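This report describes one protein model, beginning with a single residue and moving on to the sheet, the core and the charged pairs. Please consult the sequence and the structure shown below while reading.

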Amino acid sequence: GGLRRTDRRRRHAVAVTPISATIETSQYSRFEEFRAFVEDVLGHLAETVELPAVERVGIRYIDEVDPVELPQPVDWSEYIAPELLRVWGFFGHEPLETNAVAVFAPETEQQLVLRYGVARAPVVNPGGPLHISRSPAGPYFLIDIDSGWNPPADDLPEFRVAEVLDVLDRLHAPVRDVFEQMITDKLRDHFKTTGEDDQ
C-alpha cells in the first residue's frame with residue numbers, strides 16, 4: 001500500500017510507500033526550486049515516518065521535444081548534437097524511430113543512464129496523476145536522463161535530510177552537463193521561451 005498526494009493544480013506529486021518516496025513535478029523551472037520542494041517533503045517525512053536507512057537516491061529528467069512546437073520542417077541536426085544523430089545517414093533514409101541507451105558511472109556508487117532518440121509514444125503518461133500541458137501526438141525527440149546513487153548493500157547510511165540533499169546535488173551536476181552537451185543553441189533558445197531550459 002501507499003499514499004499519493006498532489007497539489008490542487010496537479011503540478012506536484014508525492015507518493016510514499018513502505019519502501020520508497022517519489023517526488024514528481026510537471027512544472028519544472030529551476031533545480032534550486034525543485035530541491036527546496038524535495039527538502040520540504042523529506043523534512044515532513046522525517047518528522048512523521050520512521051526511515052531507518054537510504055538504499056537509493058535518484059533524479060530523472062524527461063524532455064519530450066515535440067516537433068509541432070518547432071519551425072517547420074524540423075531537421076533534428078539543428079537541435080541535437082550531431083554525434084548523437086549519426087545513424088540518420090547510415091541507411092540513406094531517415095529512421096521512423098530510434099532508441100539509444102548509454103550508461104555512465106561518473107563517480108563511485110553513482111550511475112547515469114541516458115536514453116534518447118525519436119520516439120512514437122509518450123514516456124510521460126498524459127493520463128497520469130500530474131497535469132501535462134501538452135503531450136506529443138506523433139513522433140518526437142526524447143531526452144531522458146536518470147542519475148542515481150546506491151550505497152554499498154552492506155553499509156546503508158542512516159536517513160538524514162541534509163545528506164540526501166547532498167547526494168541530490170551530486171546527481172544533478174552530471175545531468176546538467178550531459179543535457180547541455182546534447183542540445184544546440186537553437187534548442188536551448190526554444191527551452192528558454194517555454195521555461196524548460198534549466199536542468
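Is Arg134 buried, partly exposed or exposed? With a relative accessible area of 43%, Arg134 is partly exposed; buried means under 20% relative accessible area, exposed over 50%, and partly exposed in between, with a 1.4 Å probe and protein chains only.

## Basis of the model

The model is predicted: local features need pLDDT of at least 70, and side-chain atom pairs count only at pLDDT 80 or more, whereas totals for chains, interfaces and linings use all residues. Residues are numbered from 1 along each chain as its sequence is written, and side-chain values use heavy atoms, with hydrogens and water left out.

Arg134 forms a salt bridge with Asp66, the closest N and O atoms being 3.4 Å apart; the term denotes a side-chain nitrogen of Lys or Arg within 4 Å of a carboxyl oxygen of Asp or Glu. Asp66 lies in the loop between β4 and β5 and Arg134 in the loop between β6 and β7, so this pair ties together parts that are 68 residues apart in sequence. Helices (H or I, at least four residues) and strands (E, at least two) are DSSP runs, numbered from the N terminus. A salt bridge also links the side chains of Arg134 and Glu69, at 3.4 Å from N to O. Because Glu69 lies in the loop between β4 and β5, and Arg134 in the loop between β6 and β7, the pair connects parts 65 residues apart in sequence. Glu69 is partly exposed, with a relative accessible area of 38%.

Asp66, by contrast, counts as buried at 4% relative accessibility. Its side chain makes a polar contact with the side chain of Arg134 at 3.4 Å. A polar contact is a pair of N or O atoms within 3.5 Å; within protein, one must be able to donate a hydrogen and the other to accept it, and residues adjacent in sequence count only if both atoms are side-chain atoms. A polar atom of the Asp66 side chain also lies 3.0 Å from the backbone nitrogen of Val68. Leaving aside neighbours within four places in sequence, Asp66 is in contact with Arg134, Ser135, Pro136, Ala137 and Tyr140, contact meaning heavy atoms within 4.5 Å.

## The three-stranded sheet

Strands β1, β2 and β3 form an open sheet in that order, with antiparallel pairing; two strands pair if DSSP finds at least two bridges between them. β1 (3-6) and β3 (21-25) stand at the edges with a single partner strand each, so one side of each is left without a neighbour in the sheet. Neighbouring strands of this sheet are turned by 10 degrees against each other on average, direction ignored. Helix α1 (residues 31-48) packs on the sheet and touches β2 and β3, its direction making about 150 degrees with that of β3. Axes are lines fitted to C-alpha atoms, for helices over the stretch in contact, and angles run from 0 to 180 degrees between N-to-C directions.

Four bridges join β1 to β2 (residues 12-16). Leu3 has Val16 as its bridge partner in β2, and Arg4 has Ala15. Five residues separate the strands in the hairpin of β1 and β2, where Arg10 takes a positive phi near 60 degrees. β2 and β3 pair over five bridges, with Ile23 in β3 as the partner of Val14, and they form a hairpin with four residues between them.

The structure holds 14 salt bridges. Glu24 forms one with Arg4, the closest N and O atoms being 3.2 Å apart. Glu24 lies in strand β3 and Arg4 in strand β1, so the pair ties together parts that are 20 residues apart in sequence. Glu24 is partly exposed at 29% relative accessible area, as is Arg4 at 40%.

## The nonpolar core

The largest nonpolar core has 44 residues, and those with the most contacts inside it are Trp76, Ile80, Phe141, Ile143, Ile145 and Met182. Such a core is a set of buried Ala, Val, Leu, Ile, Met, Phe, Trp, Tyr and Cys residues joined through side-chain atoms within 4.5 Å. The elements giving two or more residues to this core are α1, β4 (57-65), β6, β7 (140-149), α2 (161-182) and α3 (185-194). The largest share, ten residues, comes from α2.
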